[in-house]
Amino acid sequence: MRELYQQKILIVDDEPINISAIAEILGQKYALSVANNGEKALRILSEGLRPDLILLDILMPDIDGFEVAKQLKANPDTAAIPIIFLTAKKDNESIATGFKVGAVDYLSKPFQKEELLLRIKNTLQIFNLRNALNNALTESQKYIKTIESQMALIDKNIIFSSTDIDGKITEVSNAFCKISGYRKEQLIGKMHRIVRHPDMKASFFDKLWNTITRNETWHGEIKNRKKDGTFYWLETMIYPVYNADGERTGYTAISHDITDKKRVEELSMTDQLTQIHNRLYLTNSFVREIKRAKRYGFIFAVIMIDIDHFKEVNDTYGHDTGDFVLSAVAKILQGTIRETDILGRWGGEEFLILLPHTDIFEAEKLAEKLRQSVEGYSFDTVGRKTCSFGVSVFNLEEDDCKETLKRADTALYSAKNSGRNRVERLE
């Protein structure tokens, strides 16, 4: 049964298949309008359409999504409509540009149905609450009870905090206290580092501060530490706050709890023995890298790794020792590769590394460094172990990963047949 009032969503995308997929997910919950290019979207909005939310693609033939967003935010009649970019562009520069031109969220294709629905729901909830609060404030004393009710609802359910210009906490919601484990009096006057998790690098917060001190909105995921030492994940939007004279007086952060989502993601992409990525994650990463390579002409390489004489370890020392060796090799590899490289367990005693923006020679050089790192390590019980390495590079003329993996596997086979503990490449 359809609701008497459905919130309205405008879908702007030039691909019919994308429009159909989104409409199938949202059609039962929302009233949908469609524009198959940027010009049409601007026209129908200028003619009076006022959706509650706009799902906007970036790559369109006439006016791209960034320009559409700029024009909408420059127009007082449409500036308040929240925009979520729903696009295949997922590089950091595009994401930063999306928020800079006024988006409140950014979701990369392909997307999960549940994530799309939750992001839309959360965005509409936040903007509905904000609009309700603004309307109540303008009516002053007449709606004071409504304001108190809305504030109580926000305080209970919305994780938010406010800080002064230096970052000292001036206000937190009860929802923030509940998830962090601190009382309000333990947080007021403190810096947010009180909940900072050691896994979050200083460079992450440097970028965050660089964004908000430029009077821009920051959006991202933050891992925090509770008072009891456990952790939680927040998806957070931080924006500057101004006084009546237009001076920046502080910042407000609005968040929602994504801890369960992050745990599910971690379980689905992690090899439980070695705690590195599993084969499924590697396969999905391979697909993403191929799409990026074909769209932008990027190169990337592959290193396939096999532990030499691993069966002898299991036969001689038992599977517990074999598991230890697998985990130790994974740590050695993880500690040697670059931050942008993607390491995972391919199966058995085999590992695979994807190297974005890397040619065959750079990949071969890294493989040799990895080989030396393993060779120089002394394993408990079994002593020294070695690995063989096969290196290949993705060919833009190929349609999938099969040929690239086949070349890497052939190169690995050659390395093992040539005496093991060596690197071979096959372009």
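1. Let's start with one side chain: F379 is buried, with a relative accessible area of 2% (buried means under 20%, exposed over 50% and partly exposed in between, with a 1.4 Å probe and protein chains only). Its partner in an edge-to-face aromatic pair is Y377, with 4.7 Å centre to centre and 70 degrees between the planes. Rings of Phe, Tyr and Trp (its six-membered ring) pair if their centres lie within 6.5 Å; planes under 30 degrees apart are stacked, over 60 edge-to-face, and the rest tilted. Y377 is partly exposed, at 35% relative accessibility.

2. A word on the source: this is a predicted model, where local features need pLDDT of at least 70 and side-chain atom pairs count only at pLDDT 80 or more, while totals for chains, interfaces and linings use all residues. Residues are numbered from 1 along each chain as its sequence is written, and side-chain values use heavy atoms, leaving out hydrogens and water.

3. Now look for the open sheet: five strands in the order 7-6-10-9-8, with antiparallel pairing. Strand 7 (169-172) and strand 8 (218-225) each have a single partner strand, so one side of each is left without a neighbour in the sheet. Strands (E, at least two residues) and helices (H or I, at least four) are DSSP runs, numbered from the N terminus, and two strands pair if DSSP finds at least two bridges between them.

4. Nine bridges join strand 9 (residues 231-242) to strand 10 (residues 248-257). Which residue of strand 10 is the bridge partner of Y239? That is T252.
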